[in-house]
Amino acid sequence: MFASDDFFLNEEERQFRQELSAFCQEQVEPYVDQIERTESWELLRPIVTKLGQAGYLSLPFPKFYQGGIPHPGIVHGVILSEELACRSAAVNGAAATGVIIGRTIYDFGNDEQRERYVRPMAFGEKIGAMGITEEEVGSDTAGMKTRAILDGDHWVITGKKKFIGNNSTADIFLIYCITDPTVDPHRGMSAIVVEKGARGLSTPKVFDLMGWKGLANGEVLLEEVRAPRSNLIGGLNRGFYVLMSHLNGERTLAAGQCLGIARAALEEARRFAGRRVQFGEPIGQKQDVYFKIAHLATLLDAARLLTYRAAKMIDAGIDQRSLSREASMAKYYASEVANIIANEAVQICGGEGYSKENLRAERYYRDARLLKIAGGTSEMQKYIIATQELPGLKIRL
Ligand SMILES: Cc1cc2nc3c(=O)[nH]c(=O)nc-3n(C[C@H](O)[C@H](O)[C@H](O)COP(=O)(O)OP(=O)(O)OC[C@H]3O[C@@H](n4cnc5c(N)ncnc54)[C@H](O)[C@@H]3O)c2cc1C
């Protein structure tokens, strides 16, 4: 038997979820409140290592994966995101970036690059970071200013990246930069790996964020950083293509993250509604709360269906271009739903919902807020969906 919310999964995927859930209960759950309180990376790192050792981070890398799943794919990645994020957004964030940039290097890199960079991230030995955003460049990624110039056998990279997850804790940075400023940036951008310890690489600031406590996020400063010429990933001036080609998978994984936070918030609200007695009966028996829970559960199931649809389509090998609508719908809808559910969970839990004393509802509310911004804002997702819904009508971004 399976729950209706696992309808989209086959027997092997459902078993994977169960096994993973037991792992998370044992290896993640006991630490999440302390991570939140202390904002401690020191507590996060061993969890990423354990996830790697258990084989969960190598799932997207067939060459390295040694577990029992015959065809690991994005569906397993979504299950991983969901199970991790429902316990801790920060743990999921710390682990996911390595998987995302690892996948880029795996797909576009050569064997040497895979061994050197992907393998250690796949086993949780090294942490990854992805450098796209800059002070003046967010949604409009093509406007980036970070420059790389070839000097003999090295790239010399200069620029400053902002809002970079794992900035101060990463070992491997995948930096997107302009390598040919004379052409349209879409055709003059490249992706280059920079390793921790490179001279000129620093992380001047770690930001104090609304949520995702424990996950480092901030600036990455590149002052004439030298990276070997061979660290170029995916070919010269192919960076925009490299970046775009993984967005569907990334957005679908992000949607999985939204499901995790939404699920946790709804569970909290449901539990509270069942036990909090006011006016002589549990508040869950008051019609407003009773129906609200029904509404939220329906939203969550709808988000889940969109997310697993996108994941299944990717795993089916449907070409990337045809998938952008479905992946964007999953990210857009699941992030909006996570925010609605987290907001209502705080409301249902009343003062306890607003307090850190006994519940996590306020954390889910803060953690959910990022989901409509990072990894492409809701507005950008709507733009992508609309380009396919109204192919004849073009708007300027
Ligand atoms: C906690 C956190 C983690 C992050 N992690 C990373 C990371 O690891 N690596 C990385 O490179 N980046 C990361 N980012 C950056 C993130 O991807 C960007 O914040 C996001 O893409 C939006 O860019 P922006 O913040 O510059 O907003 P802007 O692009 O300046 O947009 C501001 C607002 O305007 C809207 N807007 C912009 N253009 C249009 C338009 N044409 N039409 C309608 N509305 C528009 C946006 O939707 C948004 O609501 C992270 C950000 C945060 C906050």
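**Close-up views of the predicted model**

**View 1. The shell around the ligand.** By class, this shell is made up of 11 nonpolar, 10 polar and one charged residues; Ala, Val, Leu, Ile, Met, Phe, Trp, Tyr, Cys and Pro count as nonpolar, Asp, Glu, Lys and Arg as charged, and the others, Gly among them, as polar. The model is a predicted one, in which local features need pLDDT of at least 70 and side-chain atom pairs count only at pLDDT 80 or more, while totals for chains, interfaces and linings use all residues. Residue numbers start from 1 along each chain as its sequence is written. Of the 22 residues around the ligand, Ile132, Gly138, Ser139, Thr377 and Glu379 come nearest; a residue is near a molecule if its C-beta atom, placed from the backbone, lies within 6 Å of it. Strand E1 (128–131), strand E3 (154–165) and helix H12 (378–389) each supply at least two residues of the shell, and E3 gives the most, with three residues. Helices (H or I, at least four residues) and strands (E, at least two) are DSSP runs, numbered from the N terminus.

**View 2. Domain 1 against domain 2.** The chain is divided into domain 1 (4–126), domain 2 (129–237) and domain 3 (246–389), with bounds from an automatic or database domain assignment. The C-alpha centres of domain 1 and domain 2 lie 24 Å apart. In total, 22 residues of domain 1 are in contact with 18 residues of domain 2, contact being C-beta atoms, placed from the backbone, within 7 Å of each other. On the side of domain 1 that touches domain 2, helices H2 (29–38), H3 (41–53), H5 (89–108) and H6 (111–122) each supply at least two residues. H5 provides the largest share of that side, 10 residues.

View 3. Cysteine 258 is found in helix H8 (residues 247–275). This cysteine is buried because 32 other C-beta atoms lie within 10 Å; the cut-off for buried is 20 or more such atoms, against 12 or fewer for exposed, with partly exposed in between. Beyond its neighbours within four places in sequence, cysteine 258 is in contact with Ala303, Ala334, Ser335, Val337, Ala338 and Leu371. The largest nonpolar core has 116 residues, and Cys258 and Ile341 are among those with the most contacts inside it. Helix H10 (residues 320–354) contributes the largest share of this core, 15 residues. A nonpolar core is a set of buried Ala, Val, Leu, Ile, Met, Phe, Trp, Tyr and Cys residues joined through C-beta atoms within 7 Å.

Methods:
Contact = placed C-beta atoms within 7 Å.
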